[in-house]
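This briefing is for a reader who is meeting the structure for the first time. It begins with a term that is needed later and then goes through the model topic by topic.

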Amino acid sequence: KVAYFFTGMWYNFRVTLTDMAVNELIEEKVLYSIPGSGTYVSSEYRSNMNSLANNVASWGVVLPDLVVDIYPLFIRGVEDFARLHNINTVICNTDNDVKKQNEHIMRLIDSNVTGVIVIPTISKETDESGFKALMEKKIPFVFCNRDLPSMPTVPYIYSNDFYGGYIATRHLLEKNYKRIAYIALERYKASMDRFCGYTAALAEKGIDIDRSIICLEPFDENTKNGDFSYDFAKQILKSSNPPDAFFCFNDRIALSVYRALRDCGLKVSDDVGLVGYDNTSICEALEIRLTSVCFKNYEMGRWSAKILYNVQKGEKLEGTNIFVLQPELVIRESCLGRKF
């Protein structure tokens with residue numbers, strides 16, 4: 001009887017200790033309990049343990065197209081900041097495909113990443129399931145370049161494309177180019193914002209908008225390879241009232257226009273001014289170096305990483321969660337002024 005008594009006391013004491021320990025672990029969010037089902041290890045704790053086991057946290061960086069010239073410096077900015085804080089980066093390419101974007105995000109979640117930086121796809125399709133999954137798992141993420149209006153609580157970092165279009169066009173006007181064409185091969189927020197900056201600079205000088213020398217989108221899918229820029233530039237250059245300058249949505253389009261000018265027997269800058277956008281390696285590779293708007297890709301990547309890091313630490317953002325970088329014009333020889 002005495003043995004049974006002490007055995008019972010020890011059993012009750014052990015159960016009480018166990019209950020206390022479990023309750024304590026639930027309070028610390030190591031465990032969670034579902035009535036009638038059981039007690040389980042939380043996903044947050046598993047993620048933290050995996051990171052600790054490797055002694056390195058991981059972030060996902062989801063991009064539309066890795067071969068586009070603006071992204072290598074963006075990635076460098078993210079990685080430079082992440083390395084200083086012992087964070088690995090996993091780069092994912094979506095090819096501007098919403099389905100791929102969601103697949104990448106779900107794999108990143110399964111890989112226990114602690115944060116994600118996303119440049120959303122340019123697509124007419126809408127599927128927010130990947131972003132909603134991040135929210136459900138309480139994995140912080142930030143948008144770059146583009147955001148989703150339905151998710152205003154997500155931090156958003158972008159470059160002021162309106163201002164970029166304005167300073168590019170204003171510079172051409174200051175160099176006495178009067179009839180300035182604008183070419184973009186996609187109609188979306190960035191191309192529209194740059195277009196609005198272009199029209200604002202013209203309006204400031206009292207110059208009417210001539211829609212015959214403006215292209216905001218290609219006629220069909222086959223024109224997206226850059227040849228359309230060349231064809232459109234040649235077409236308007238051979239018209240009865242040709243432009244004396246071009247402002248291009250990006251440096252790749254500017255390269256096509258550069259070729260069109262050469263094939264029309266015109267000299268860049270002396271006959272027709274030319275300004276690109278993104279300040280890529282194309283600018284220095286041309287015989288007449290290209291003036292271009294610097295997108296500040298590196299700074300955007302670093303800023304994105306810094307904001308994600310602060311959000312991950314639980315720091316509250318003061319004021320608005322929108323962060324704007326101001327682009328700068330890098331002046332070279334492609335628009336020094338016409339020589340009559």
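Two strands count as paired if DSSP finds at least two bridges between them. With that in mind, V118 stands opposite F143 in β6. The model is predicted. The protein has 11 helices and 14 strands, and 47% of its 340 residues count as buried. Of the contacts between residues at least 6 apart in sequence, 73% join residues at least 24 apart.

**The parallel sheet**

- Six strands make an open sheet in the order β4-β3-β5-β6-β7-β13, and their pairing is parallel.
- At the edges are β4 (87–93) and β13 (322–325), each of which pairs on one side only.
- From one strand to the next, the twist averages 20°.

- Strand β5 covers residues 115–118, and both of its faces are covered.
- On one side G115 and I117 are buried, and on the other V116 and V118 are buried.
- Strand β3 (residues 57–63) runs parallel to β5 and is joined to it by 4 bridges; within this pair, V61 has I117 as its bridge partner.
- Strand β6 (residues 141–144) also runs parallel to β5, with 3 bridges between them; here the bridge partner of I117 is V142.
- Together with helix α5 (residues 129–136), β5 and β6 make a right-handed β-α-β unit.

**The mixed sheet**

- Another open sheet is formed by 6 strands in the order β9-β8-β10-β11-β12-β14, with mixed pairing.
- Its edge strands are β9 and β14 (328–330), and each pairs on one side only.
- Strand β12 (residues 291–294) and β14 run antiparallel and are joined by 3 bridges; the partner of S292 in β14 is V330.
- Helix α6 lies across β8, β10, β11, β12 and β14, and runs at about 165° to β11.
- Helix α9 (residues 251–263) packs on the sheet as well, touching β8, β10, β11 and β12, with its direction at about 160° to that of β11.

**Helix α7**

- Helix α7 (residues 189–204) has 16 residues.
- From first C-alpha to last, α7 reaches 22 Å, close to the 22 Å expected at 1.5 Å a residue.
- The buried residues of α7 are A190, S191, D193, R194, F195, G197, Y198, T199, A201 and L202.
- What covers these buried residues includes α6 (161–174), β8 (180–183), β9 (214–215), β10 (245–248) and β11 (273–277).
- Just after α7, G206 takes a positive phi of about 75°.

**Nonpolar cores**

- The largest nonpolar core has 75 residues, of which F74, I117, Y182, F246, F247, V257 and L274 touch the most other members.
- Helix α3 (residues 70–84) gives this core its largest share, 7 residues.
- A second, separate core has 19 residues, among them C92, I109, V113 and L134.
- Leaving aside neighbours within four places in sequence, I117 is in contact with W59, G60, V61, V62, F74, V78, V142, C144, S304, A305 and L308.

**Single residues to look at**

- S229 lies in helix α8 (residues 227–237). Its relative accessible area is 0%, so S229 counts as buried.
- Apart from neighbours within four places in sequence, S229 is in contact with I183, L185, I253, S256 and V257.
- N145 lies in the loop between β6 and β7 (156–159). Its phi is near 70°, a positive value in a residue other than glycine.
- Is N145 buried or exposed? N145 counts as buried because its relative accessibility is 13%, and the cut-off for buried is under 20%.
- N176 is found in the loop between α6 and β8. The phi of N176 is near 70°, again positive in a residue other than glycine.
- With 49% relative accessibility, N176 counts as partly exposed, since exposed means over 50%.

Key
Residues numbered from 1 in each chain as written. Predicted model: local features only at pLDDT ≥ 70, side-chain atom pairs only at ≥ 80, totals over all residues. Heavy atoms only, no water. Helix = DSSP H or I, 4+ residues; strand = E, 2+ residues; numbered from the N terminus. Expected span 1.5 Å × (residues − 1). Buried < 20%, exposed > 50% of the residue type's maximum accessible area, 1.4 Å probe, protein only. Contact = heavy atoms within 4.5 Å. Right-handed = clockwise from strand over helix to strand, strands pointing away. Axes fitted to C-alpha atoms, helices over the stretch in contact; angles between N-to-C directions. Core = buried A, V, L, I, M, F, W, Y, C linked by side-chain atoms within 4.5 Å.
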